[in-house]
Amino acid sequence: MFKPLRVAIAAACLMVSATLGIAQEPIVIKFSHVVAPESPKGRAAEFFRGRVAARLGSRVRVEVYPNSTLYKDRDEMEALQLGAVQMLAPSLAKFGPLGLREFEVFDLPYLFDDYRAVHRVTGGPIGERLLDKLEDKGIVGLAYWDNGFKDFSANRPLRKPEDFRGLKMRIQSSAVIDAQMRALGTRPEVMNFSDVRDALRTGMVDGTENPPSNFYTQGMHEVQKYLLRSNHGYLGYAVIVNKRFWDDLPGPIRRELQLAIGEATEFANAIAERDNARALEAVHRSGKTQIIVPTNAERAALKRALVDVHKSQASRVGADLIQAIYRETGFDPARK
Ligand code: LMR
């Protein structure tokens, strides 16, 4: 059915039912994600649910399905494209399998020094152009939410590049992260986030990389003896919605949802840094994982071992895109 006709019929039904005072079935938004409710993304999804309830009452109901309870990594993007769920907030490292290799630029080690540098990209034209690329995949990109900067973990002490050699490391589905791990002489293994803790516990993989909030809220401190405060790469999210669902919404409802997304984005990016700091503190207090802080020389050696990934992956993510980010953030490959 043509969209204008679909929309006209929907509007007519709304009008008739409003006139007759018939209670409207709420519009349901299923929001699926793979992290714990108490993680930054989990808290932001819950905050969004609350803001929609405050703004739209019974007209729209957001149902949040955390911790892979509805879909795991591998299935959630397809479920969104099929309309089985309406909203996701996948890691920016998980868009390569959709054919959107450019998103893996966010995975380049040491690309961003801090959140301010990240926001120069996610809050400006470069980030906007990347979200626009989602439309061809039947997806609308609504916002970027932060998590944090990743640390390596394993069951052997990690300090120098050679300490990584031979380890089997779990990674997200990103060719850039695959290249990063191979640059350290490890064997990368793509795996659903929900399966990582058990894979570490059983020794199916030896180590991985996470922002502290994900490491702690998944209980990885109970199965990883060492965490190196490498802070070597950024992990953030694109908040996305099924395009057909979004386009078919009545205008006033879509506008209220956009405002609620804006409020949730502000909330997400305000809590991310603090939540990661608190998670690291909790790991320390647990006494189950030894936190290793690299010396400046060790940090520089690790960066030297990894920063060439920018060159090796330029043909994949786009050399122009990398240069545009360098200019926008003042990135200096030689910076210690
Ligand atoms: C991971 O798979 O490690 C992360 O993308 C999980 C998440 O959504 O933070």
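Colleague: How far from an oxygen atom of the ligand does a polar side-chain atom of Lys41 lie?

Modeller: The distance for Lys41 is 2.7 Å. A polar contact is a pair of N or O atoms within 3.5 Å. This is a predicted model, in which local features need pLDDT of at least 70 and side-chain atom pairs pLDDT 80 or more, while totals for chains, interfaces and linings use all residues. Residues are numbered from 1 along each chain as its sequence is written, and side-chain values use heavy atoms, without hydrogens and water.

Colleague: What are the distances from a ligand oxygen atom to a side-chain N or O atom of Lys94 and of Tyr237?

Modeller: For Lys94 the distance is 2.7 Å, and for Tyr237 it is 2.5 Å. The protein buries 99% of the 270 Å² that the ligand exposes when taken alone (Shrake-Rupley method, 1.4 Å probe).

Colleague: Which residues surround the ligand?

Modeller: Near means that a heavy atom of the residue lies within 4 Å. Here the surrounding residues are Val34, Val35, Lys41, Asp73, Ser91, Lys94, Arg170, Gln172, Phe193, Asn214, Leu235 and Tyr237. This shell divides into 5 nonpolar, 3 polar and 4 charged residues, with Tyr counted as nonpolar and Lys as charged.

Colleague: Where is Val283 placed, and is Val283 buried or exposed?

Modeller: Helix α10, residues 251-286, holds Val283 (a helix is a DSSP run of H or I, at least four residues). Val283 has a relative accessible area of 1%, so it is buried (buried is under 20%, exposed over 50%, partly exposed in between, with a 1.4 Å probe and protein chains only).

Colleague: How many residues in sequence lie between the positions of Val283 and Leu142, and how far apart are they in space?

Modeller: Val283 and Leu142 are 141 residues apart in sequence, and their C-alpha atoms are 33 Å apart.

Methods
Polar contact = N/O pair within 3.5 Å; in protein donor to acceptor, adjacent residues only side chain to side chain. Helix = DSSP H or I, 4+ residues; strand = E, 2+ residues; numbered from the N terminus.
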